[in-house]
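Hello,

Please have a look at the model first and then read on.

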Amino acid sequence: MLLRRESRLRAVAEVVGASERTVWRWLEQAKATGRVEAPVRRGYAVSDGVWELLGEAGGMFRS
């Protein structure tokens, strides 16, 4: 039974172009949230102030 489940998982991963670990993570999220849709990702926008700081620093930063 376990072999059959793993081979199905492998087939799904191949079809969707994702790793088996990613498919497992999707399944875990669906089980935890009850949702099967992909989570909405929020993008990051650089503000004008940050662009100004980057320009002043000449792109050179030290950590």
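Let me start with one tryptophan: Trp-26 counts as partly exposed because its relative accessibility is 42% (buried means under 20% relative accessible area, exposed over 50%, and partly exposed in between, with a 1.4 Å probe and protein chains only). Before I go on, please keep in mind that this is a predicted model, in which local features need pLDDT of at least 70 and side-chain atom pairs count only at pLDDT 80 or more, while totals for chains, interfaces and linings use all residues. Residues are numbered from 1 along each chain as its sequence is written, and side-chain values use heavy atoms, with hydrogens and water left out.

On confidence, the mean pLDDT of the chain is 84, and 86% of its residues reach 70 or more (pLDDT is the predictor's confidence in each residue, from 0 to 100). Among the elements, α2 has the highest mean, at 92, and α3 the lowest, at 85. Where pLDDT is low, the predicted coordinates should not be read in detail.

The overall layout is quickly told. The chain has 3 helices and 0 strands, in the order α-α-α from the N terminus on (helices, H or I of at least four residues, and strands, E of at least two, are DSSP runs numbered from the N terminus). Of the 63 residues in the chain, 6% are buried. The chain exposes about 6,200 Å², and carbon and sulfur atoms supply 57% of that area (accessible areas come from the Shrake-Rupley method with a 1.4 Å probe, and for residues only the protein chains shown count as cover).

Back to the tryptophan. Trp-26 sits in helix α2, which covers residues 20-33. What does Trp-26 touch, leaving aside its neighbours within four places in sequence? The partners are Val-16 and Ala-18, where contact means heavy atoms within 4.5 Å. Val-36 is 10 residues from Trp-26 in sequence, and their C-alpha atoms are 8.0 Å apart.

Trp-26 also belongs to a nonpolar surface patch of about 400 Å², together with Val-12, Val-15 and Val-16. Patches are made of residues with over 30% relative accessible area and no salt bridge; like charges are joined within 9 Å, and nonpolar side chains (Val, Leu, Ile, Met, Phe, Trp, Tyr) within 5 Å. Helix α1 (residues 2-16) gives the largest share of this patch, 3 residues.

Now for the charged pairs. How many salt bridges does the structure hold? There are 3, a salt bridge being a side-chain nitrogen of Lys or Arg within 4 Å of a carboxyl oxygen of Asp or Glu.

- Glu-20 pairs with Arg-10, with the closest N and O atoms 3.3 Å apart. This pair links distant parts of the chain, from Glu-20 in helix α2 to Arg-10 in helix α1, 10 residues apart. Glu-20 is partly exposed at 33% relative accessibility, and Arg-10 is partly exposed at 42%.
- Glu-28 pairs with Arg-21, the closest N and O atoms being 3.8 Å apart. Here Glu-28 is partly exposed at 45%, and so is Arg-21 at 46%.
- Arg-35 pairs with Glu-37 at 3.4 Å between the closest N and O atoms, and both residues are exposed.

Finally, a word on the helices themselves. The 14 residues of α2 should span 20 Å at 1.5 Å a residue, and the end C-alpha atoms are 20 Å apart, which agrees (the expected span is 1.5 Å times one less than the number of residues). After α2 comes Gly-34, with a positive phi near 80 degrees. Helix α3 (residues 48-57) is hardly covered, with 0 buried residues among its 10. Just after α3, Gly-58 has a positive phi of about 70 degrees.

Best wishes
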